[in-house]
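My entries follow in the order in which I checked things.

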Amino acid sequence: MGNPIEIDDAIVLLLGSPASGGIPAGEIKGITRLEKMIFLLERETSSHKWLEQEADFEAYNFGPFSQKIYQAVDTLAAAELIEDSSSLTSDASDSWEQRELIGGNVGNGAGGNPYTTRDFHLTERGWRYFEALKQELAPDSLKELSEFKKRFAYLPLRQLIRYVYSRYEQYTTKSLIRDQVLGPGG
């Protein structure tokens, strides 16, 4: 392997990995979804073989949280590798962390509307970077990344959060939404 693959690179690889489901390659809808997917990537895949930096997740108000994910998407957007856009959604789940933890206006182009999600798309430059990063990974790692994305990228967000909460309860000890997600006493 050549250059170290860090969290921002993992985001680009996850975005660019093909997955079926009718959603175009190169995108992930929602910062919460992206964050939980990186959390699961570190725990449920063999990414430890190629990912040379951890996201340093900790238990926080909305389950596993990593400041590095938020910093990475801001860095990638500034480098014009991804487009960080917002869109309206029928559910305020994606903005829980952003509203409560970060103050509601960091990177949110819709002025803190709770029914807005941050969506991430690879730019043309981002696709070129993805192609270069792919060369750093073994073919079986790319296949695993694609299968992983297929499994988690298109789940309803609440179902993804419930999956994370039920499998990794040690990261929910400080959660403000634990009862909402797992039910009382869950």
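Entry one, a helix pair. I looked up the contact of H1 with H3 and found that Ile 7, Asp 8, Ile 11 and Val 12 in H1 meet Lys 68, Ile 69, Ala 72, Val 73 and Leu 76 in H3, where contact means heavy atoms within 4.5 Å. The residues of this contact divide into seven nonpolar, no polar and two charged, counting Ala, Val, Leu, Ile, Met, Phe, Trp, Tyr, Cys and Pro as nonpolar, Asp, Glu, Lys and Arg as charged, and the others, Gly among them, as polar.

A note on the source. I am working with a predicted model, in which local features need pLDDT of at least 70 and side-chain atom pairs count only at pLDDT 80 or more, while totals for chains, interfaces and linings use all residues. Residues are numbered from 1 along each chain as its sequence is written, and side-chain values use heavy atoms, with hydrogens and water left out. Helices (H or I, at least four residues) and strands (E, at least two) are DSSP runs, numbered from the N terminus.

Entry two, the geometry of that pair. The axes of H1 and H3 (residues 67–78) come within 9 Å and cross at roughly 70°, the axes being lines fitted to C-alpha atoms, for helices over the stretch in contact, with angles running from 0 to 180 degrees between N-to-C directions. That makes H1 roughly perpendicular to H3, a term that covers 65 to 115 degrees.

Nine of the 10 residues of H1 are buried, so H1 is largely enclosed by the rest of the structure; buried means under 20% relative accessible area and exposed over 50%, with a 1.4 Å probe and protein chains only. For H2 I found 12 of the 14 residues buried, so H2 too is largely enclosed by the rest of the structure, and charged residues are on its buried list, including Arg 33, Glu 35, Lys 36 and Glu 42.

Entry four, H6. In H6 (residues 139–152), the buried residues are Ser 141, Leu 145, Ser 146, Phe 148, Lys 149 and Phe 152. They cover an arc of only 160° around the axis, which puts them on the same side of H6, the arc being that of the directions from the helix axis to the C-beta atoms. On the other side of H6, Pro 139, Asp 140 and Lys 143 are exposed. The buried residues of H6 pack against H1 (7–16), strand E1 (27–29), H2 (31–44) and H7 (157–167).

Terms used. The expected span of a helix is 1.5 Å times one less than its number of residues. Angles under 35 degrees count as roughly parallel, over 145 as roughly antiparallel, 65 to 115 as roughly perpendicular and the rest as oblique.
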